[in-house]
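This briefing walks through one predicted model. Keep the sequence and the 3D view open while reading.

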Amino acid sequence: MKNYVVAFLMLFAVLASQAQNDSIPKNNFGKNEIKVNALFLLLGTFEGSYERNLSENSAIGMSVLIPFEREFIENDINYYVSPYYRVFFGKKYAAGFFLEGFGMLNSIRTSYRYYIDSGTYHDIESTTDFALGLGLGGKWFTKGGFVFEINGGFGRNLFNAGNDNAVTFVGKLGFNMGYRF
C-alpha cells in the first residue's frame, strides 16, 4: 500500500510540474517587454513601448511618443499614444515577421503662413485626432532576453479631415531595443 501512495504522489508531482511548464513561454523568459525607440532618441524624441505577449503568435502593446527637443519644421508632433495588436509569423515565441493593426491618439502642431495686405502672419495650431492604421516589422531576441525590433506603419486620421490645416496621414517608424521579462 505504501508503494502505491508513493507512486501516486510522484505521478501527481510530475503532472503538476508539467502543467506549470505549459504556462511558461518556450524562450524561458516572461511574456512582457519594455522597449525604447533608439532612432527617435537620437532625433530628440522619446518613444517607449510596453508589450504583452498573449501567445506564440500574438501580442498587444502600447507606445507613447513625447518629443523633448523641437526643431522648426512645418508639422511637428506634440505627442501620441498608440495601442496595437500584432500577429507573428516566426518560428520562435512572439518573434520574427509580424503584421500590426494600431490606433493612434495624436496631437500635431501645424505651422502655416497667410498673407494680408499689411504683411505676412505666422500662426501655429495644434490639432488632436485619432488614427487607425496598419504596420509591419520584424522582432528578434537574444538568449539573455534583449529584444531588437524594426517596424513601420501608416495610418489615417479620422476626425479632422475636412480642416485645411489638419494632418491627414500619420506614420510610425521604429528601431526599438528593450528587454523581455
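The protein chain holds 2 helices and 8 strands. Both kinds of element are DSSP runs numbered from the N terminus: helices are H or I with at least four residues, strands are E with at least two. From the N terminus on, the order is α-β-α-β-β-β-β-β-β-β.

This is a predicted model, in which local features need pLDDT of at least 70 and side-chain atom pairs count only at pLDDT 80 or more, while totals for chains, interfaces and linings use all residues. Residues are numbered from 1 along each chain as its sequence is written, and side-chain values use heavy atoms, with hydrogens and water left out.

**Chain overview**

- Of the 181 residues in the protein chain, 36% count as buried. Buried means under 20% relative accessible area, exposed means over 50%, and partly exposed lies in between (1.4 Å probe, protein chains only).
- Contact means heavy atoms within 4.5 Å. Among contacts in the protein chain with a separation of 6 or more, 56% come from residues 24 or more positions apart.

**The cavity**

- The count comes to 1 cavity of 30 Å³ or more. On a 1 Å grid over the protein atoms alone, a cavity is a set of points where a 1.4 Å probe fits but cannot get out, and lining residues have an atom within 4 Å of a point.
- About 60 Å³ of space lies in the largest cavity. Grid points are joined across faces, edges and corners, and the volume is the space filled by probe spheres set on the points.
- The lining of the largest cavity has 14 residues, and Glu47, Ser63, Asn151, Lys172 and Asn176 lie nearest its centre.
- Strands E2 (45-53), E4 (75-88), E7 (146-157) and E8 (169-180) each give two or more residues to this lining. The largest share, 4 residues, comes from E8.
- By type, the lining residues divide into 3 nonpolar, 6 polar and 5 charged. Here Ala, Val, Leu, Ile, Met, Phe, Trp, Tyr, Cys and Pro count as nonpolar, Asp, Glu, Lys and Arg as charged, and the others, Gly among them, as polar.

**Buried charged residues**

- Lysine 35 sits in strand E1 (residues 32-37). Lysine 35 is buried, because its relative accessible area is 1%.
- The side chains of lysine 35 and glutamate 51 make a polar contact of 2.7 Å. A polar contact is a pair of N or O atoms within 3.5 Å; within protein, one must be able to donate a hydrogen and the other to accept it, and residues adjacent in sequence count only if both atoms are side-chain atoms.
- Beyond its neighbours within four places in sequence, lysine 35 has contacts that include Glu47, Tyr84, Lys139, Glu149 and Met177.
- Glutamate 100 belongs to strand E5. Its relative accessibility is 4%, so glutamate 100 counts as buried.
- A polar contact of 2.7 Å links the side chains of glutamate 100 and arginine 86.
- Leaving out residues up to four places away in sequence, glutamate 100 touches residues including Tyr84, Leu134, Asn151 and Lys172.

**Aromatic pairing**

- There are 5 aromatic pairs in the structure. Rings of Phe, Tyr and Trp (its six-membered ring) pair if their centres lie within 6.5 Å; planes under 30 degrees apart count as stacked, over 60 as edge-to-face and the rest as tilted.
- One of these pairs joins phenylalanine 88 and phenylalanine 98; their ring centres are 5.6 Å apart and their planes stand at 65°, so the pair is edge-to-face.
- Phenylalanine 88 is in strand E4 and phenylalanine 98 in strand E5 (residues 96-116), 10 residues apart.
- Phenylalanine 88 is buried at 2% relative accessible area. Phenylalanine 98 is buried at 0%.

- Methionine 104 lies in strand E5 and is buried at 1% relative accessibility.
- Methionine 104 and serine 82 are 22 residues apart in sequence, and their C-alpha atoms are 4.3 Å apart.
- Methionine 177 lies in strand E8. At 46% relative accessibility, methionine 177 counts as partly exposed.
- Not counting residues up to four places away in sequence, methionine 177 touches Ile34, Lys35, Val36, Ala38, Val147 and Phe148.

**A loop residue**

- Alanine 94 is in the loop between E4 and E5. Its phi is near 50°, a positive value in a residue other than glycine.
- Alanine 94 is buried, with 0% relative accessible area.

How values were computed: On a 1 Å grid over the protein atoms alone, a cavity is a set of points where a 1.4 Å probe fits but cannot get out, and a pocket is an open set with protein on both sides within 12 Å along at least five of seven lines; lining residues have an atom within 4 Å of a point.
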